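Welcome! Please take a moment to look over the sequence and the 3D view below, and then we will walk through them together.

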Amino acid sequence: MDKIIINQSGHNAVLTILSSQTDDIAEDLKKTLDSLIDDKVTQITLDVKQIHNLHTLALGAIVFAHRNITRVNGTLSLVNVTPELLQLFKTFGLEKVLNIS
């Protein structure tokens, strides 16, 4: 079963992560985000409702994708963020940088 589901329409893409642990999908997440940005997708939404543990490599992939997409006037948003993930983002001050809801 795929652990990252991609729904793309034009310049918009929604990625649904179907894994509660991101250590096994971090590299795929990075490659997927990089590929979407290379393909001129400018609006990326990550649905992270099933994530309970965010691996540092996955966190890095999200931060770098945010940086790269903002360089082309795009946005990366995280939706369905659990209280645990929100606390992690706050610990690193990322709630001020990332679009989180």
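Which residues touch the most other members of the largest nonpolar core? Among the 28 residues of that core, they are Leu 15, Leu 29, Ile 44, Leu 46, Leu 76, Leu 78 and Phe 89. A nonpolar core here is a set of buried Ala, Val, Leu, Ile, Met, Phe, Trp, Tyr and Cys residues joined through side-chain atoms within 4.5 Å. Buried means under 20% relative accessible area, exposed means over 50%, and partly exposed lies in between, with a 1.4 Å probe and protein chains only. Two or more residues of the core come from each of strand S2 (12-17), helix H1 (26-38), strand S3 (43-47), helix H2 (56-70), strand S4 (75-79) and helix H3 (83-91). These names follow DSSP runs numbered from the N terminus: helices are H or I runs of at least four residues, and strands are E runs of at least two.

Before going further, a word on what you are looking at. This is a predicted model, in which local features need pLDDT of at least 70 and side-chain atom pairs count only at pLDDT 80 or more, while totals for chains, interfaces and linings use all residues. Residues are numbered from 1 along each chain as its sequence is written, and side-chain values use heavy atoms, leaving out hydrogens and water. The pLDDT is the predictor's confidence in each residue, on a scale from 0 to 100. For the chain, the mean pLDDT is 93, and 99% of the residues reach 70 or more. Confidence is highest in S3, at 98, and lowest in H3, at a mean of 92.

Now find the sheet. It is an open sheet of five strands in the order S1-S2-S3-S4-S5, and its pairing is mixed. Strands count as paired if DSSP finds at least two bridges between them. At the edges sit strand S1 (4-9) and strand S5 (99-100), each pairing on one side only.

S1 and S2 run antiparallel and are joined by six bridges, with Ile 17 in S2 as the bridge partner of Ile 4. The hairpin of these two strands has two residues between them, and Gly 10 takes a positive phi near 65° there. Ile 6 belongs to strand S1 and counts as partly exposed, at 40% relative accessibility. Leaving out residues up to four places away in sequence, Ile 6 touches Val 14, Leu 15 and Thr 32; contact means heavy atoms within 4.5 Å.

S4 and S5 run parallel and are joined by two bridges, and Ser 77 has Asn 99 in S5 as its bridge partner. H2 packs on the sheet, where it touches S3 and S4, and its direction makes about 145° with that of S4.

Axes are lines fitted to C-alpha atoms, for helices over the stretch in contact, and angles run from 0 to 180 degrees between N-to-C directions. On the H1 side, the contact includes Ala 26, Leu 29 and Leu 33, and on the H2 side it includes Leu 57, Ala 61 and Ile 69.

Phe 89 is found in helix H3 and is buried, with a relative accessible area of 1%. Beyond its neighbours within four places in sequence, Phe 89 is in contact with residues including Leu 54, Leu 59, Leu 78 and Ile 100. Phe 89 and Leu 59 are 30 residues apart along the chain, and their C-alpha atoms are separated by 9.2 Å.

Finally, look at some loops. Thr 82 lies in the loop between S4 and H3, yet Thr 82 is buried, with a relative accessible area of 12%. Lys 40, in the loop between H1 and S3, counts as exposed at 57% relative accessibility, and its phi is positive, near 70°. Asn 73 sits in the loop between H2 and S4 and is exposed at 71%; its phi is also positive, about 60°, although Asn 73 is not a glycine.
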